[in-house]
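Please keep the structure in view while reading each answer.

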Amino acid sequence: MAAALAQKGIDLDKLKHDMQMSDVDDFDFICHIAYDQKPLTRRERADGVRRRDFLNRYSGAAREVLETLLDSYMNLSIKNIEKIDVLRMKDFQKFGARRKNSSPRSAPRKHGSSKRRKSRRASPCRR
């Protein structure tokens with residue numbers, strides 16, 4: 001998203017800084033500008049995930065990795081955790097090295113999840 005705006009000459013990070021909203025996720029910032037939605041900080045988003053007990057679906061190392069990713073998102077931004085290089089960060093060293101031939105896998109979907117996703121597409125900024 002930020003890259004597409006940068007191609008048009010819009011520096012999203014500078015805009016967020018100028019508006020004293022550097023701790024707001026890019027998505028929330030754009031929704032705030034475009035639709036006057038109250039933006040959530042990355043910390044508020046991460047806390048929301050924790051309150052909804054999303055991480056309770058996982059245990060052991062999987063849960064620890066997800067918690068570390070959530071903390072990284074909260075402290076750094078989504079840009080820093082979108083790429084596989086995030087696993088090379090210091091916080092992930094305790095989990096060991098990733099095998100060369102392994103690939104990230106997503107959690108299995110529950111039935112009906114596509115309906116929820118479709119309803120969110122219609123109004124992406126609603127919470």
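Q: Which residues does Asn 80 touch, not counting residues up to four places away in sequence?
A: In this predicted model, Asn 80 touches Val 86 and Met 89. A contact requires heavy atoms within 4.5 Å.

Q: Where is Asn 80 found?
A: Asn 80 is found in the loop between α5, residues 60–75, and α6, residues 113–122. The C-alpha atoms of Asn 80 and Leu 69 are separated by 9.7 Å, and the two residues are 11 apart along the chain.

Q: Why does Asn 80 count as partly exposed?
A: Buried means under 20% relative accessible area and exposed means over 50%, with partly exposed in between. The relative accessibility of Asn 80 is 37%, and therefore Asn 80 counts as partly exposed.

Q: How many helices and strands are there in the chain?
A: The chain has six helices and zero strands. Read along the sequence, its pattern is α-α-α-α-α-α.

Q: What percentage of the residues of the chain count as buried?
A: Of the 127 residues, 21% count as buried. The accessible surface of the chain comes to about 10100 Å², and 50% of that surface belongs to carbon and sulfur atoms.

Q: What makes the pair Asp 18 and Lys 14 a salt bridge?
A: The rule asks for a side-chain nitrogen of Lys or Arg within 4 Å of a carboxyl oxygen of Asp or Glu. For Asp 18 and Lys 14 the N to O distance is 3.1 Å, so the pair meets the rule. Side chains of opposite charge can pair when their charged atoms come close. By this rule the count comes to five salt bridges.

Q: Where do Asp 18 and Lys 14 lie?
A: Both lie in helix α2, residues 12–18, four residues apart, which is about one turn of the helix. Asp 18 is partly exposed, with a relative accessible area of 48%. Lys 14 is also partly exposed, with a relative accessible area of 48%.

Q: Are Arg 45 and Asp 28 buried or partly exposed?
A: Arg 45 has 26% relative accessibility and counts as partly exposed. Asp 28 has a relative accessible area of 0%, which is under 20%, and so Asp 28 is buried.

Q: Why is the pair Arg 50 and Asp 71 called a salt bridge?
A: Their closest N and O atoms are 2.4 Å apart, which is within 4 Å, so the name applies. Arg 50 lies in helix α4 and Asp 71 in helix α5, so the pair ties together parts that are 21 residues apart in sequence. Arg 50, with a relative accessible area of 30%, is partly exposed, and Asp 71, at 29%, is partly exposed as well.

Q: How do we know that the span of α5 agrees with what a helix should have?
A: At 1.5 Å a residue, the 16 residues of α5 should span 22 Å. The end C-alpha atoms of α5 are 23 Å apart, which agrees.

Q: Which residues of α5 are buried, and what do the buried residues of α5 pack against?
A: Thr 68, Leu 70, Ser 72, Tyr 73 and Met 74 are buried in α5. The buried residues of α5 pack against α4. After α5 comes Ser 77, whose phi is positive, near 145°.

Q: Why is Asp 36 called exposed?
A: The relative accessible area of Asp 36 is 65%, which is over 50%, so Asp 36 is exposed. Asp 36 is placed in the loop between α3 and α4, and has a positive phi of about 55° although it is not a glycine.

Q: Why does Asp 53 count as partly exposed?
A: Its relative accessibility is 46%, between 20% and 50%, so Asp 53 counts as partly exposed. Asp 53 is in the loop between α4 and α5, and has a positive phi of about 60° although it is not a glycine.

Terms used:
Residues numbered from 1 in each chain as written. Predicted model: local features only at pLDDT ≥ 70, side-chain atom pairs only at ≥ 80, totals over all residues. Heavy atoms only, no water. Helix = DSSP H or I, 4+ residues; strand = E, 2+ residues; numbered from the N terminus. Buried < 20%, exposed > 50% of the residue type's maximum accessible area, 1.4 Å probe, protein only. Areas by Shrake-Rupley, 256 points an atom, 1.4 Å probe, with all protein chains shown as cover. Expected span 1.5 Å × (residues − 1).
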